[in-house]
Amino acid sequence: MTFGSTVAVSLADRSYEITIRAGLLEKLGREMKSRGLKGKIGIVTDRHVAQHYLKKIVESAKRAGLEPVSIILAPGERSKTLQTVERILNVLARHRFERSSHLLALGGGVVGDLAGFAASIYQRGIPYIQVPTTLVAQVDSSVGGKTGVDHQLGKNLIGSFYQPRAVWIDPLTLRTLPRREWVAGLAEVIKYGIIADEAFFGYLERKMPALQKQIPQVVASVVKRSCEIKAEVVAADERESDRRRILNYGHTIGHALEALGGYTSLVHGEAVGIGLVQEADLACFQGFCTHKVVEAIRRMVTEAGLSDRMPQATPTKIWKAMLHDKKVSAGQVIGVWPIRIGEVCMAPLGKKVFDRWVTESRSVSTNVSALS
C-alpha cells in the first residue's frame with residue numbers, strides 16, 4: 001500500500017498535522033529527526049504493542065541520534081490510573097527528562113491518554129507525539145488533545161486538554177490488531193457518519209464487507225475521513241464547550257456500560273457500539289428521530305459485527321453510572337441525539353424519561369422474544 005496523506009488540525013499556535021502513511025513505523029527515527037527531535041525520547045507503550053514494534057523503533061531512534069527510553073505498561077483500560085501516570089513520571093524524572101524532551105505514545109487509546117496526561121503535567125508540560133496502533137486510536141482518541149485517567153466513579157474524570165505536536169498513523173499496524181479490537185474500532189468510525197456525514201455513512205454501508213476484510217485502500221480512506229471529521233470538530237471547539245460534544249454520541253450509555261463491567265467485560269468500542277443503537281432508540285422515544293434512523297444505525301452496527309443489545313443491568317445502576325460521567329451538567333445528563341443520519345442535536349435527559357424508555361423498550365424486547 002502506497003497511500004499517504006496529511007490532515008491538518010487547525011488550532012492557532014497549537015496546530016499540528018496528522019500524517020497517514022503505510023510503512024511509517026519502519027522509518028520512525030528518520031521522521032523524528034526530520035521534525036527536529038533530539039536528545040531523550042520516552043516511548044510509552046504496553047506489553048502487547050511492545051512485542052510487535054518497540055525493538056525496531058528503539059533501534060531506529062538510536063540510528064537517528066536520539067536517546068530512547070522505553071516505558072512499558074500493562075495493557076488494558078485498568079491501567080488508566082493515577083498510579084500508572086506516577087510510574088511514567090518517575091521514569092522521566094530518573095532519566096532527567098527536560099522540557100525539550102519528547103514523549104512518544106505508541107499504542108491504543110489507553111497508552112495515548114496516559115502518555116498525553118503525563119506529558120501535560122511533567123515540568124508543567126513537555127511535547128508529545130501520538131503514534132496510534134489501534135483503529136479506535138487512529139480514528140478518534142489520538143486526535144484532539146484529550147488526555148487523562150479513569151476514577152473508580154467514572155471514566156476519564158481526571159485529565160487535561162493537551163494537544164500533541166503531531167499524530168503519525170501507519171495503517172499497517174492494524175494488521176497485528178486482534179480481531180475483537182478491530183471490530184470494536186468500527187464503532188467510532190460508524191459514529192462519524194451518524195453525527196456529521198451522511199455520504200460517509202453510505203460509503204460504510206457499501207464498503208463494510210471490504211472493511212471487514214481490511215482491504216488497504218478502504219481502510220486508508222476510512223481512517224483519513226474519520227480524522228478529517230474529528231479535526232474539523234476539534235478546530236471548531238477545542239475544549240468541548242459546544243460542538244465538540246457531538247463526538248460523545250454513543251458514549252453516554254457506552255461509558256456507563258464500561259464502568260459497570262469494571263472495564264473488563266466490554267472493550268471501549270463494544271460499549272460504544274451498543275450506545276450508538278440504544279441512544280438512537282432513546283432519541284426516537286423522545287421524538288428526535290424516526291424508527292427508520294434507528295434501524296439504519298442498528299443494521300450498520302450489527303453488520304460491523306458489534307452487539308446492539310444492552311447487557312443485563314438494572315436501570316438504576318445504568319442511570320447512576322451515567323450521572324458519574326463528565327458529560328453531566330447541573331445534575332443533568334446531556335445526551336447527543338440523532339435527528340437523521342449526518343445530523344445530531346444535544347439535549348438534557350431526565351431520569352423519568354429514561355425510566356419510561358427502559359420500561360417500554362424492555363417490554364417490546366420481551367414481546368419480540370415471545371413471538372420468535
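# Notebook: looking around a predicted model

I started with Ser 160, which sits in strand E8 (residues 154–161). Helices here are DSSP runs of H or I with at least four residues, strands are runs of E with at least two, and both are numbered from the N terminus. This is a predicted model, where local features need pLDDT of at least 70, side-chain atom pairs count only at pLDDT 80 or more, and totals for chains, interfaces and linings use all residues. Residues are numbered from 1 along each chain as its sequence is written, and side-chain values use heavy atoms, with hydrogens and water left out.

**Entry: Ser 160.** Is Ser 160 buried or exposed, or partly exposed? I found 22% relative accessibility, so Ser 160 counts as partly exposed. The cut-offs are under 20% relative accessible area for buried, over 50% for exposed, and partly exposed in between, with a 1.4 Å probe and protein chains only. Next I listed what Ser 160 is in contact with, leaving aside neighbours within four places in sequence: Phe 117, Ser 120, Gly 145, Lys 146 and Thr 147. Contact here means heavy atoms within 4.5 Å. I also looked up a distance from Ser 160 to Ala 313, which is 153 residues apart from it along the chain: the C-alpha atoms are separated by 31 Å.

Entry: Gln 212 belongs to helix H7 (residues 198–212). With a relative accessible area of 16%, Gln 212 is buried. Apart from neighbours within four places in sequence, I noted that Gln 212 is in contact with Arg 179, Trp 182, Val 183, Leu 186, Glu 303, Ala 304 and Gly 305. Pro 216 is in helix H8 (residues 216–236), and its relative accessible area of 26% makes Pro 216 partly exposed. From Pro 216 to Gln 83 I read 38 Å in space, C-alpha to C-alpha, for residues 133 apart in sequence.

**Entry: Glu 270.** I looked for Glu 270 and found it in helix H10. Glu 270 is buried, at a relative accessible area of 17%. What does Glu 270 touch, not counting residues up to four places away in sequence? My list reads Arg 180, Ala 184, Ser 265 and Leu 306.

**Entry: aromatic pairs.** A search of the whole structure gave me four aromatic pairs. In one of them, Phe 288 and Trp 337 have ring centres 6.2 Å apart and planes at 5°, so the pair is stacked. The rule I used: rings of Phe, Tyr and Trp (its six-membered ring) pair if their centres lie within 6.5 Å, and planes under 30 degrees apart count as stacked, over 60 as edge-to-face and the rest as tilted. Phe 288 lies in the loop between helix H10 (268–285) and helix H11 (291–303), and Trp 337 in strand E11 (residues 332–340), so this pair ties together parts that are 49 residues apart in sequence. Phe 288 is partly exposed at a relative accessible area of 26%, whereas Trp 337 is buried at 2%.

Then I turned to Phe 354 and Trp 357, an aromatic pair that is tilted, with 5.8 Å centre to centre and 45° between the planes. Both lie in helix H13 (residues 351–371), three residues apart, or about one turn of the helix. Phe 354 is buried with a relative accessible area of 0%, and Trp 357 counts as buried at 2%. Which residues do ring pairs link into a cluster? I wrote down Trp 319, Phe 354 and Trp 357.

**Entry: phi angles.** Most residues other than glycine have a negative phi, so I checked for exceptions. Arg 124 has a phi near 65°, a positive value in a residue other than glycine. Arg 124 is in the loop between helix H4 (109–121) and strand E6 (128–132), and is exposed at a relative accessible area of 77%. Glu 240 also has a positive phi, near 60°. Glu 240 is found in the loop between H8 and helix H9 (251–260), and is buried at a relative accessible area of 16%.
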